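Please read it alongside the sequence and the coordinates shown below.

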Amino acid sequence: MQALKRGLLAMCTFAVLWSSGCARHAQSEPKAARMAEVVHEDETLLTPAQRDQRYREAFDQGVALVRRAQYGPALAAFEEALRLKPDSVDAQFNLAACYEAAGDPLRAIHLYKALIAQTPNDPDCYTNLGTSYIKMFHREKTPSWRDMAIESWRRSLAINPHQPHVKRFIATASKGS
């Protein structure tokens, strides 16, 4: 699973920088695409196993939608996953990546910062936080956004120095592009 996470993340981090989405921790394609028809039942009626199964279905559906670049429906799927399992770091991470890909980097920044408070040693959160900051820099041309992006990427490298793509992000941003 860790190798799959890294493979998807490497592909997604670069893509997220250029307005694509990301889904990490995907284990498999969903068996059915029925999340668009989710009926909100009384949560107290679900057994833990049912809640876990519904979470997995919502999460897998979100991953499948991201792979098809359908970020709006993916947002709904990851929000459903979080409703079912509010402590899911993976669902929250993917929700943030979807917001970023859908053009709302400010919302993504808020979510990534909350994730970093929960998992301060996750280089992926710092990397994607940096991509959200750099998108704000490109939107507003305010140097502080670029500075925050570079700082986030440096924190990611401090945790995991084996990220050549992050080093390229820093080099490109440092040139002022």
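A residue is called buried when its relative accessible area is under 20%, exposed when that area is over 50%, and partly exposed in between. Aspartate 60, with a relative accessible area of 9%, is therefore buried. The model is a predicted one. Its protein chain has eight helices and zero strands, and 48% of its 177 residues count as buried.

**Overall fold**

- Along the sequence, the chain follows the pattern α-α-α-α-α-α-α-α.
- Phenylalanine 59 is located in helix H2, and its relative accessibility of 0% means that phenylalanine 59 counts as buried.
- Phenylalanine 59 and aspartate 90 are 31 residues apart along the chain, and their C-alpha atoms are separated by 8.8 Å.

**Helix packing**

- Two packed helices are described by the angle between their axes and the distance between the axes.
- H4 packs with helix H5 (residues 105-118) at an angle of about 155°, and their axes are 7 Å apart. Because angles over 145 degrees count as roughly antiparallel, H4 is roughly antiparallel to H5.
- The crossing of H4 and H5 is left-handed.
- H5 and H6 also pack at an angle of about 155°, with 9 Å between their axes. This angle makes H5 roughly antiparallel to H6.
- H5 passes H6 in a crossing that is left-handed.

**Helix H7**

- Helix H7 comprises 17 residues (residues 143-159); at 1.5 Å a residue it should span 24 Å, and the distance of 25 Å between its end C-alpha atoms agrees with this.
- Which residues of H7 are buried? They are Trp145, Arg146, Ala149, Ile150, Ser152, Trp153, Ser156 and Leu157.
- An α-helix has 3.6 residues a turn, so residues three or four places apart point the same way.

**Salt bridges**

- Side chains of opposite charge can pair when their charged atoms come close.
- In the pair of arginine 56 and aspartate 60, the closest N and O atoms of the salt bridge are 2.8 Å apart. The two residues are four residues apart in helix H2 (residues 48-67), so about one helical turn separates arginine 56 from aspartate 60.
- Arginine 56 has a relative accessible area of 25% and is therefore partly exposed, whereas aspartate 60 is buried at 9%.
- Lysine 135 and glutamate 100 form a salt bridge whose closest N and O atoms are 3.8 Å apart. This pair links distant parts of the chain, with lysine 135 in helix H6 (residues 123-140) and glutamate 100 in helix H4 (residues 89-101), 35 residues apart.
- Is lysine 135 buried or exposed? Its relative accessibility is 13%, so lysine 135 counts as buried.
- Glutamate 100 likewise counts as buried, because its relative accessibility is 1%.
- Arginine 155 and glutamate 151 meet through their side chains in a salt bridge with an N to O distance of 3.2 Å. As they are four residues apart in helix H7, arginine 155 and glutamate 151 are separated by about one helical turn.
- Arginine 155 counts as partly exposed at 44% relative accessibility, and glutamate 151 counts as partly exposed at 38%.

**Positive phi in loops**

- Most residues other than glycine have a negative phi.
- Alanine 69 has a positive phi of about 60° although it is not a glycine. Alanine 69 belongs to the loop between H2 and helix H3 (71-84).
- With a relative accessibility of 47%, alanine 69 counts as partly exposed.
- Lysine 141, a residue other than glycine, has a positive phi near 60°. Lysine 141 sits in the loop between H6 and H7.
- A relative accessible area of 55% means that lysine 141 is exposed.

Notes
Residues numbered from 1 in each chain as written. Predicted model: local features only at pLDDT ≥ 70, side-chain atom pairs only at ≥ 80, totals over all residues. Heavy atoms only, no water. Expected span 1.5 Å × (residues − 1). Buried < 20%, exposed > 50% of the residue type's maximum accessible area, 1.4 Å probe, protein only. Salt bridge = Lys/Arg side-chain N within 4 Å of Asp/Glu carboxyl O. Axes fitted to C-alpha atoms, helices over the stretch in contact; angles between N-to-C directions. Parallel < 35°, antiparallel > 145°, perpendicular 65-115°, else oblique. Left-handed = near helix turned anticlockwise from the far one by under 90°.
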